[in-house]
Amino acid sequence: MATSTYLSNPLVTVNAVDMTDQCSSANLTRVIEALESTSFGKTARVYVAGLENSTLTLTMYNSFAASETYATLAALVGTSTTVKIKPTSAATSATNPESTLTGCYLETLPIVNAALGSLDTIDLVFTGGVYSVAVA
Amino acid sequence: MTYLIVSSKLGVVGDLYTPAEGINVEALLFGGFIVEQSTPKTKKSAKTNTEPNEE
């Protein structure tokens, strides 16, 4: 049984712009590539750490209004930027750590994802960059 | 170059904006979140043209 209740309500910034009110899903995964170092004589595969290649995947409501989704992202595709996410909008602390990917790359930007009767949502994947976490 | 915040999604409107490491300033300019603040030029002293005295 869970010992604490955590309702997802993270604070998300993309290139320093607060995108929380346009974001409905966020998934930050820290990845450190595994390099196989298994040698003769071993009975199981073993690995060592390679390069870090973390990803932040966001689902956002698309908006072409001023200071909203498109305005934030249009000039970021094909470039590197900084994204931040923390569990809640409260002050950064050990129980509300702020994770940052500095210099992560945005490879693709869906422009329109329209369907009849549905809100336009887009999925973004920020890849790479240097991961850091702040607790104060 | 200094920048002014013009969108509340970035910070307090009217405040100076100092980009942190890794921030794409061109994207912020393109999106209309900041504007470049022109540094005031020092005014040159007015020239005084004195007409030659032809008396």
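1. In chain A, strand E6 and strand E9 (residues 121–127) run antiparallel and are joined by 7 bridges. Within this pairing, A:Thr57 lies opposite A:Val125 of E9(A). The model is a predicted one.

2. E6(A), residues 55–61, also pairs with strand E3 (residues 23–29) of chain A. The sense is again antiparallel, with 6 bridges between E3 and E6. Here A:Thr55 of E6(A) has A:Thr29 opposite.

3. The largest nonpolar core contains 30 residues, and A:Val14, A:Leu73 and A:Phe126 have the most contacts inside it. Chain A contributes two or more residues from each of strand E1 (11–14), E6, helix H1 (69–73), strand E7 (80–86), strand E8 (98–106) and E9. Chain B does likewise from its strand E1 (2–5) and helix H1 (25–31). As background, nonpolar side chains in soluble globular proteins tend to be buried together.

4. Which residues does A:Leu73 touch, leaving aside those up to four places away in sequence? They are A:Val14, A:Met60, A:Leu109, A:Ile122, A:Leu124 and A:Phe126. Two of these partners, A:Val14 and A:Phe126, are named with A:Leu73 among the residues with the most contacts inside the core.

How values were computed:
Residues numbered from 1 in each chain as written. Chains lettered and ligands numbered in written order. Predicted model: local features only at pLDDT ≥ 70, side-chain atom pairs only at ≥ 80, totals over all residues. Heavy atoms only, no water. Pairing = 2+ DSSP bridges. Helix = DSSP H or I, 4+ residues; strand = E, 2+ residues; numbered from the N terminus. Core = buried A, V, L, I, M, F, W, Y, C linked by side-chain atoms within 4.5 Å. Buried < 20%, exposed > 50% of the residue type's maximum accessible area, 1.4 Å probe, protein only. Contact = heavy atoms within 4.5 Å.
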